[in-house]
Amino acid sequence: MTSPTQTSTSRTGSDGVKRGLADMLKGGVIMDVVTPEQAKIAEDAGAVAVMALERVPADIRADGGVARMSDPDMITGIVDAVSIPVMAKARIGHFVEAQVLQSLGVDYVDESEVLTPADEAHHIDKWAFTVPFVCGATNLGEALRRIGEGAAMIRSKGEAGTGNVVEATRHMRAIRADVRRLARMDSQELYAAAKELQAPLPIVQEIAGSGRLPVVLFTAGGIATPADAAMMMQLGAEGVFVGSGIFKSGDPARRAEAIVKATTFHDDPDVIAKVSAGLGEAMVGRTTSDMPDSERLATRGW
Amino acid sequence: MTTVAAPTVGVLALQGNVAEHLDALQACGADARPVRRPAELDAVDGLVLPGGESTTLSKLLVAFDLLEPLRARLAAGLPAFGSCAGMILLAREAIDARPDQHQLGALDVVVRRNAFGRQVQSFETDLTVTGVRGGPVRGVFIRAPWVESVGRGVDVLARIPSSTGGPASGKVVAVRQGPVMATAFHPEQTGDARLHDLFVARVRESVAAAR
């Protein structure tokens with residue numbers, strides 16, 4: 001796709017517009033949807049964007065097998081159904097799935113551990129694309145490697161499809177603590193820090209100076225209730241991805257709206273209490289401490 | 001005319017890139033603060049409506065009882081500055097918006113939502129903005145609207161350069177009507193606070209006139 005405005009001073013696909021779209025999503029909720037009808041429900045509830053995928057993570061877990069990019073027809077159906085941005089998932093390292101998603105006109109590509117990785121050594125070279133990418137991370141080093149590859153937005157990985165927020169909490173705390181640690185360091189200490197984090201030195205230096213990631217940081221993986229979303233915001237997330245938590249619950253429309261409101265008023269327990277009342281059943285969820293490594297999605301990617 | 005030391009300027013903080021606007025306003029000498037509640041709206045001398053998702057913002061304005069108080073304050077002459085989604089909300093009419101989207105009607109303009117296309121068509125370009133000195137403004141357009149038509153009393157401040165060619169060429173992307181201004185692009189994303197400076201000056205005038 002080419003822009004009508006590609007002149008010497010005018011350009012598409014710049015860092016400014018890629019990272020900028022994530023800035024516009026801040027304070028908002030991005031919801032997993034598998035049909036145009038669900039996308040409408042999400043938009044009605046106040047979602048800032050939807051993530052189009054074939055099966056929510058809880059079903060991917062239950063079904064097993066190889067999980068891939070969704071059918072283009074299904075993605076196009078969702079793109080046509082809503083006016084908010086549409087994201088879609090490509091497998092880790094599967095640059096052709098990402099090319100297809102860009103060609104379909106999705107607004108953000110999620111290079112996602114929820115799908116089965118297609119490359120065991122290399123993530124996608126995201127600088128090569130006009131469409132921006134969001135990637136998952138469990139710690140700061142992983143986040144910075146993704147940013148080094150061109151990711152324009154980072155989310156905690158959490159443990160998708162569990163309805164259990166504990167892993168997202170761990171990842172968000174780890175990322176934020178390491179940012180604070182870098183900000184306190186002497187400039188001479190940053191070389192060793194970059195080596196320890198296995199992260200590009202220029203980005204380490206940038207964070208040490210600014211005290212924040214150079215891209216927007218959302219949370220994902222196990223958020224199931226308004227209070228979960230609010231807690232992650234208080235821990236420093238700038239917005240929330242909700243996967244299985246909405247459409248695997250008893251009353252998706254109400255729960256979706258409640259999570260949107262709790263994200264905006266994440267620091268106001270009175271609002272969170274009010275929106276949390278009478279939502280019906282949350283998704284069942286499962287513990288992660290006894291989960292075998294083979295079932296863990298967060299360990300995919302490196 | 002007396003000048004006001006630090007006017008109180010709010011940023012509607014329901015969703016969107018609030019922090020960047022707060023930083024820019026603070027840099028221009030305003031006492032900048034987020035606005036999420038009616039009481040917080042009552043306390044400001046001017047309001048920025050940030051970029052974000054206009055459908056989400058419209059919905060949350062209603063859910064948290066801000067829509068009517070905000071309409072009333074705008075009708076009473078509250079200075080306001082909207083960028084992107086903020087421009088859409090301030091407009092009298094928005095094309096390609098959801099039918100249930102609320103318009104604040106503070107600008108007599110018709111805007112077209114997502115007018116330039118999807119994210120892969122988002123772009124940045126240099127713009128000449130009336131009233132802004134010191135060279136062009138870098139306009140960052142993200143799934144941006146443009147202004148389809150303006151009513152009488154609306155000043156056009158910037159257009160997409162005609163050298164651009166294509167359907168976007170010459171489209172209106174910045175407007176002002178009395179104390180209300182709006183841009184289809186995001187001046188808060190570039191670290192260039194000249195447009196915020198213009199707005200804060202406007203808020204100072206408004207506060208001084210009310211004394």
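Author: Two strands count as paired if DSSP finds at least two bridges between them. What follows concerns a predicted model.

Reader: What makes strands β5 and β6 of chain B a pair?

Author: Strand β5 (residues 91–95) and strand β6 (residues 107–112) of chain B are joined by four bridges in the parallel sense, and because a pair needs at least two bridges, the term applies. Within β6(B), Val110(B) is the bridge partner of Glu93(B).

Reader: In which sense do β6(B) and strand β9 of chain B pair, and over how many bridges?

Author: The pairing of β6(B) with β9 (residues 146–150) of chain B is antiparallel and runs over four bridges, and in β9(B) the bridge partner of Val109(B) is Val150(B).

Reader: Why are β1 of chain A and β8 of chain B said to stand at the edges?

Author: Three strands form an open sheet in the order β1(A)-β7(B)-β8(B), with antiparallel pairing. Both β1 (11–12) of chain A and β8 (137–141) of chain B have a single partner strand, so one side of each is left without a neighbour in the sheet. Strand β7 (residues 123–127) of chain B is joined to β8(B) by five bridges in the antiparallel sense, and Phe123(B) stands opposite Phe141(B) in β8(B).

Reader: What makes helix α3 of chain B mostly covered?

Author: Seven of the ten residues of helix α3 (residues 54–63) of chain B are buried, where buried means under 20% relative accessible area. Among them are Leu57(B), Leu60(B) and Leu61(B), together with Thr55(B) and Thr56(B).

Reader: Against which elements do the buried residues of α3(B) pack?

Author: These buried residues pack against α12 (252–264) of chain A, and also against β1 (8–12), α4 (67–75) and α5 (85–90) of chain B. After α3(B) comes Asp65(B), whose phi is positive, near 55°.

Reader: Why is Leu197(A) called buried?

Author: The relative accessible area of Leu197(A) is 8%, and the cut-off is under 20%, so the residue is buried. Leu197(A) lies in helix α8 (residues 190–197) of chain A, and, leaving aside residues up to four places away in sequence, it touches Leu140(A), Gly141(A), Arg145(A), Asp178(A), Arg181(A), Leu182(A) and Val204(A).

Reader: How do you know that chain B is as compact as a globular protein of that length?

Author: Chain B, with six helices and twelve strands, has a radius of gyration of 16 Å, which is close to the 17 Å that the globule rule gives for 211 residues, so the description holds. The C-alpha atoms of chain B fill a box of roughly 50 × 40 × 35 Å along the principal axes, and buried residues make up 57% of the chain.

Reader: How far apart are the centres of the positive and negative side chains in chain A?

Author: In chain A the centres of the 31 positive and the 40 negative side chains lie 4 Å apart, and in chain B the mean positions of the 22 positive and 21 negative charges are 3 Å apart.

How values were computed: Residues numbered from 1 in each chain as written. Chains lettered and ligands numbered in written order. Predicted model: local features only at pLDDT ≥ 70, side-chain atom pairs only at ≥ 80, totals over all residues. Heavy atoms only, no water. Helix = DSSP H or I, 4+ residues; strand = E, 2+ residues; numbered from the N terminus. Rg over C-alpha atoms; globule rule 2.2 N^0.38 Å. Buried < 20%, exposed > 50% of the residue type's maximum accessible area, 1.4 Å probe, protein only. Lys, Arg positive; Asp, Glu negative; His and termini not counted. Charge placed at Lys NZ, Arg CZ, Asp CG, Glu CD. Contact = heavy atoms within 4.5 Å.
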